[in-house]
Amino acid sequence: MSGSSTVAVHADRDVHRGRAVAPPIYQTATFWAGDAEQFAQAAVDRRSQGFYTRYGNPNHAQVAAVVAELERAEAAMVTASGMAALTTAVLALVSAGDHVIGQKSTYGGTASVLLNLLPRLGVSITQVDQTDPEAFEKALTPQTRLILVESPSNPLLQITDLRAVADLARAHDVLTVADNTFATPVNQRPTDFGIDLVWHSATKYLNGHSDVSAGVLAGPAEILDQIWDVAVLTGAVLGPFDAWLLLRGLRTLPLRMARHNVNGQALAEALQDHPAVARVHYPGLATHPQHALAGSQMSGFGGVLGVELAGGFEAADAFLGRLRYARRAASLGGVESLAVHPASMWRGMLSEEQIAESGVPLGLVRLAAGTEDTADLVADALAAADAVVAAAASA
């Protein structure tokens, strides 16, 4: 089997039309057919690349080919955003009266789907502590149809035992869906542990340049066909140019992740003993309570770390304001470093009570290391932390 860098460059070679080395952009809403039979067939082909761009597009197919092979999945499909990938999948796979299990530590948008959207549709949900594999088993009911996992989790970087969850779900005929955004298929492949379906906010690491909003799903073709049927109706379609940009970003994913891994580890190690910091949440640290599990599932630990400031909300805000390279902005996974205060950002998606129940500390900063020089990022973060200590001493 080819390595990830080779896959990222060549997995879509058979999808290319013509002889262009760099794939063209198929900036068209529709495609013509040579005869009635050809047109009729294109109209019913799932994930078609030659009928109507809401149904599919050659640029979509190219991205899907690369992601499917990177994730070692049978097939893949693209959507307009990561949330479009999640919501379309959930709407396709559960119905009123069903039950879904999710995690307590998870991305705010995912939590909002669980807490706010699904109950309105007659779907019951249970959130569990994903650090405890037995919690998933205790949450199972005869109506459970889906288990949503995320590892590492956003923003606490907690780890889910993917194999344990997958084995449990398969024994009870329950589908599993994993958010692999933080790890990427370079660092972790959930399908290797038995997870059925993988999704990404491709806006993040897969694209890598903060200039595209996109989502992807990878897994068995039969399951993706079900999801595609709903995607055609919801219309959360990725534009051809955005798909082309995403493909371009995918070409360098393995190269970028190598630097993200180095920078994330270096920042975590540098900040963990700083007096301004109460705790660093990063699975690459030996002090992480699930470090061994993370090492058994991941080949690298990514560029995202949670830095919990000892001074709480005000200290977190001060730390963010002192960073020179990491800009205060939502998202992550780009070549540039970004930092955000999750407790502030999620107020638009979750209530204060729901944020508190998620276990996210008010003093937590999510720091997403880019691909800048490691020494520069470390020096900048330490200087910001020093400034927090100095400000507290003079107050």
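H281 stands opposite G306 in β9. The strand β8 (277-281) is an edge strand of its sheet, as is β10 (327-328), and each of them pairs on one side only. Strands and helices here are DSSP runs, numbered from the N terminus: E of at least two residues for strands, H or I of at least four for helices.

This is a predicted model, where local features need pLDDT of at least 70 and side-chain atom pairs count only at pLDDT 80 or more, while totals for chains, interfaces and linings use all residues. Residues are numbered from 1 along each chain as its sequence is written, and side-chain values use heavy atoms, with hydrogens and water left out.

Back to the sheet: it's open, with five strands in the order β8-β9-β12-β11-β10 and mixed pairing. Two strands pair if DSSP finds at least two bridges between them. Four bridges join β8 to β9 (residues 304-309), and these two run antiparallel.

Two helices lie across strands of this sheet, in contact (heavy atoms within 4.5 Å). Angles run from 0 to 180 degrees between N-to-C directions, using axes fitted to C-alpha atoms, for helices over the stretch in contact.

| Helix | Lies across | Angle to β9 |
|---|---|---|
| α11 (residues 253-271) | β8, β9 and β12 (364-368) | about 15° |
| α13 (residues 312-322) | β9, β10, β11 (338-340) and β12 | about 130° |

Elsewhere, S151 sits in the loop between β4 (144-150) and α7 (162-171). S151 counts as buried because its relative accessibility is 2%, buried being under 20% relative accessible area (1.4 Å probe, protein chains only). Beyond four places in sequence, S151 has contacts including D179, N180 and Q297.

Terms used:
Buried means under 20% relative accessible area, exposed over 50%, partly exposed in between (1.4 Å probe, protein chains only).
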